[in-house]
Amino acid sequence: MPKKALMVWGGWDGHTPKQSCDRFLPFLQQQGYEVVVKDSLAAYADADLMGSLDLIIQSWTMGKLEKEQWEGLDKAVSSGVGLAGWHGGLCDSFRGHCSYHWMTGGQFLSHPGNIKDYRVDITNWSDPITEGLKSFTIKSEQYYMLVDPANVVLATTTFDGVHHEQSQGVVMPTVWKKRWGKGRVFFSALGHVAADFDVPEARILMERGMLWASR
């Protein structure tokens, strides 16, 4: 029986939610997943759908998660369904929903300097998600975030303080994984727009992270 994934996209268009999901849809299908794509958070309140899943990919910036939708998502991930996503599509979703932020492991605060070149440093060389990858440079938003100390950090970035002096020298988690109940959660702060995944390391981290998170 094939594994089943749900992709949910929407929210702020500036993060190219549909186009970014489209980048990974063929990959999941090649890995043998049946993929359901939805552009509504109502999918999370569909008990039959949520109960059939192995993996949820979310790309939904800001917006509001209704009570029934949160309960459906929480139940699925807590029971073992994987959750994965990138940038604001996972960790700038549903501002003010503290339980959701706890589940995902972080919340966006700012991106000093907006689009800029910055370095991503692989910090956990022994993890299968990062195995064989080297630190790299990307041109995108460098996310400054609130993060859960329980996250297993796989990569970081260091702020130079040019655009916000108080951030100088701050080492910020950029890619992490964590547990939520029986489920696995993976996040990469890379991926402001779909073209960010033209950088091979950014794409590979996301692909491996999705597979790791999956039930």
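Author: Helices are DSSP runs of H or I with at least four residues, strands are DSSP runs of E with at least two, and both are numbered from the N terminus. Counted that way, the chain has six helices and 11 strands. This is a predicted model, in which local features need pLDDT of at least 70 and side-chain atom pairs count only at pLDDT 80 or more, while totals for chains, interfaces and linings use all residues. Residues are numbered from 1 along each chain as its sequence is written, and side-chain values use heavy atoms, with hydrogens and water left out.

Reader: How do you know that the chain agrees with a compact globule?

Author: The radius of gyration is taken over C-alpha atoms, and the globule rule is 2.2 Å times the number of residues to the power 0.38. For 215 residues, a compact globule would come out near 17 Å; the chain has 16 Å, so the two agree. The C-alpha trace spans about 50 × 35 × 30 Å along its principal axes.

Reader: What makes the pair of Phe94 and Tyr100 edge-to-face?

Author: Let's start with the rule. Rings of Phe, Tyr and Trp (its six-membered ring) pair if their centres lie within 6.5 Å; planes under 30 degrees apart are stacked, over 60 edge-to-face, and the rest tilted. This rule gives eight aromatic pairs. For Phe94 and Tyr100, the ring centres are 4.9 Å apart and the planes stand at 75°, so the pair is edge-to-face.

Reader: And why does Phe94 count as buried?

Author: Buried means under 20% relative accessible area, exposed means over 50%, and partly exposed lies in between (1.4 Å probe, protein chains only). Phe94 has 2% relative accessibility, so Phe94 counts as buried. Another edge-to-face pair is formed by Trp102 and Trp180, with 5.5 Å from centre to centre and 75° between the planes.

Reader: What makes the pair of Trp102 and Trp180 one that ties together parts of the chain?

Author: Trp102 lies in helix H5 (residues 98-104) and Trp180 in strand E10 (residues 171-180), so the pair joins parts that are 78 residues apart in sequence. Trp102 is exposed, because its relative accessible area is 57%, whereas Trp180 is buried, at 14%. Elsewhere, ring pairs link Phe24, Trp86 and Phe197 into a cluster.

Reader: What lines the largest pocket?

Author: On a 1 Å grid over the protein atoms alone, a pocket is an open set of points where a 1.4 Å probe fits, with protein on both sides within 12 Å along at least five of seven lines; lining residues have an atom within 4 Å of a point. Among the lining residues are Tyr44, Asp46, Lys75 and Arg215. The largest share of the lining, four residues, comes from H3. With Ala, Val, Leu, Ile, Met, Phe, Trp, Tyr, Cys and Pro as nonpolar, Asp, Glu, Lys and Arg as charged, and the others, Gly among them, as polar, the lining has six nonpolar, three polar and three charged residues.

Reader: Where is Thr16, and what is its phi?

Author: Most residues other than glycine have a negative phi. Phi of Thr16, however, is near 40°, a positive value. Thr16 sits in the loop between strand E1 (3-11) and helix H1 (17-30), and Thr16 is buried, with a relative accessible area of 17%. Met62 also has a positive phi, about 60°, although it is not a glycine. Met62 belongs to the loop between strand E3 (55-61) and H3.

Reader: Why is Met62 called partly exposed?

Author: Its relative accessible area is 27%, so Met62 falls in the partly exposed class.

Reader: What makes Gly191 buried?

Author: Gly191 has 1% relative accessibility and therefore counts as buried. Gly191 lies in the loop between strand E11 (183-188) and helix H6 (200-213). Gly191 and Ser140 are 51 residues apart in sequence, and 7.7 Å apart in space, C-alpha to C-alpha.
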